[in-house]
Amino acid sequence: MASFGYYPGMKKPVAVFTFLFALSVISFGTWQLFLGNLEAAFSSFPFLLIIYLFVKPSRD
């Protein structure tokens, strides 16, 4: 397995919570787009940026 630097990873409960939160945000945005509510759909996408910043490993 290739190693891309030291990154210990997440604990399983945190990973499950992050996955479920991201899935719920994407599902909500998709459902609101399906209903034609663009304002609600696009207002959920900043949460995806927060998830990305939380999950992305920091570079020293």
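## Overall make-up

The secondary structure of the chain comes to three helices and zero strands, and reading along the sequence gives the pattern α-α-α. Of the 60 residues of the chain, 15% count as buried. The accessible surface of the chain comes to about 5,400 Å², and carbon and sulfur atoms account for 72% of that surface.

## Helix 1

Helix 1 covers residues 12–35, and its 24 residues should span 34 Å at 1.5 Å a residue. Just after helix 1 comes G36, which takes a positive phi of about 90 degrees.

The buried residues of helix 1 are T18, A22, V25, G29 and Q32, and they pack against helix 2, which is residues 38–43, and helix 3, which is residues 45–55. An α-helix has 3.6 residues a turn, so residues three or four places apart point the same way.

## A nonpolar patch on the surface

Helix 1 also holds V16, a residue that belongs to a nonpolar patch on the surface together with F19, L20 and L23. The four residues of this patch have about 380 Å² of accessible area together. V16 itself is partly exposed, with a relative accessible area of 41%, and because a patch takes residues with over 30% relative accessible area, V16 passes that cut-off with its 41%.

V25 is a residue of helix 1 and has a relative accessibility of 7%, so it counts as buried, the cut-off being under 20%. Leaving aside its neighbours within four places in sequence, V25 is in contact with S44, F47 and L48.

Not counting residues up to four places away in sequence, S44 touches V25, F28 and G29. The C-alpha atoms of S44 and F28 are separated by 7.6 Å, although the two residues are 16 residues apart along the chain.

F45 lies in helix 3 and is partly exposed, with a relative accessible area of 31%. V25 and F45 are 20 residues apart in sequence, yet their C-alpha atoms are 7.5 Å apart in space.

## Around Q32

When residues up to four places away in sequence are not counted, Q32 touches N37, A40 and A41.

## Regions named in the record

The unreviewed UniProt entry places the feature "transmembrane region" at residues 14–34 and at residues 40–55, and annotations of this kind may be inferred rather than shown by experiment. In the predicted model, the chain over residues 14–34 is 100% helix and 0% strand, with end C-alpha atoms that are 30 Å apart. Over residues 40–55 the chain is 94% helix and 0% strand, and here the end C-alpha atoms are 24 Å apart.

Terms used: Residues are numbered from 1 along each chain as its sequence is written. This is a predicted model: local features need pLDDT of at least 70, side-chain atom pairs count only at pLDDT 80 or more; totals for chains, interfaces and linings use all residues. Side-chain values use heavy atoms; hydrogens and water are left out. Patches are made of residues with over 30% relative accessible area and no salt bridge: like charges are joined within 9 Å, nonpolar side chains (Val, Leu, Ile, Met, Phe, Trp, Tyr) within 5 Å. Accessible areas come from the Shrake-Rupley method with a 1.4 Å probe; for residues, only the protein chains shown count as cover. A salt bridge is a side-chain nitrogen of Lys or Arg within 4 Å of a carboxyl oxygen of Asp or Glu. Helices (H or I, at least four residues) and strands (E, at least two) are DSSP runs, numbered from the N terminus. Buried means under 20% relative accessible area, exposed over 50%, partly exposed in between (1.4 Å probe, protein chains only). The expected span of a helix is 1.5 Å times one less than its number of residues. Contact means heavy atoms within 4.5 Å.
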